[in-house]
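Reader: Could we go through the salt bridges together?

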Amino acid sequence: DIVQLPINALDKRLENSGTLQDLARRGIEVHARSVLLQGLLVADPDRIAPRFATLAGHLRTWQAAVANSGLTPLAAALGYLRDNAAVSRIIVGVLSTVQLAEIVEAYDSAAVFVDHGDHCVSDPALVDPRYWS
């Protein structure tokens with residue numbers, strides 16, 4: 001069995017609730033989507049749309065932690081999921097072959113990012129695109 005779920009470095013609701021671990025115990029393959037939160041994880045928090053102003057502080061905190069670790073936001077976002085034993089596959093959208101090459105390189109080169117979770121967001125209105133207007 002396979003399930004496709006939204007999970008990323010800011011939205012860990014499924015991990016924190018134990019859902020990911022439960023699916024893994026049941027032998028259900030998890031394919032992660034929304035891994036870059038519609039591109040917000042790799043965007044400059046000072047240049048995102050005003051409707052994401054509440055999320056900008058979380059992005060700044062996360063990106064600062066990533067920068068302190070020596071990684072890029074793309075490498076940290078992908079590495080977080082790559083190193084999660086409950087995640088079987090990572091689904092990303094790309095606009096060009098150049099973008100795909102950058103994603104593959106970041107995935108392959110990502111060091112382990114020790115994520116302390118100080119930036120996690122549990123409000124679906126902030127991390128679930130279905131609620132964005």
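Author: The turns below discuss salt bridges and the exposure of their partners.

Reader: What kind of model is this, and how are residues numbered?

Author: This is a predicted model, in which local features need pLDDT of at least 70, side-chain atom pairs count only at pLDDT 80 or more, and totals for chains, interfaces and linings use all residues. Residues are numbered from 1 along each chain as its sequence is written, and side-chain values use heavy atoms, with hydrogens and water left out.

Reader: How many salt bridges are in the whole structure?

Author: The search finds six, a salt bridge being a side-chain nitrogen of Lys or Arg within 4 Å of a carboxyl oxygen of Asp or Glu.

Reader: Which residue does Arg-25 pair with?

Author: Arg-25 forms a salt bridge with Asp-22, at 3.7 Å from N to O. The two lie three residues apart in helix α2 (residues 19–25), so about one helical turn separates them. Helices here are DSSP runs of H or I with at least four residues, numbered from the N terminus.

Reader: Is Arg-25 buried or exposed?

Author: Arg-25 is exposed, at 65% relative accessible area, whereas Asp-22 is partly exposed at 26%. Buried means under 20%, exposed over 50%, and partly exposed in between, with a 1.4 Å probe and protein chains only.

Reader: And what about Arg-26?

Author: Arg-26 also has a salt bridge with Asp-22, with the closest N and O atoms 3.1 Å apart. Arg-26 is exposed, at 59%.

Reader: Changing topic, which residue does Asp-128 meet?

Author: Asp-128 meets Arg-130 in a salt bridge of 2.6 Å, N to O. Asp-128 is buried at 9% relative accessibility, while Arg-130 is exposed at 69%.
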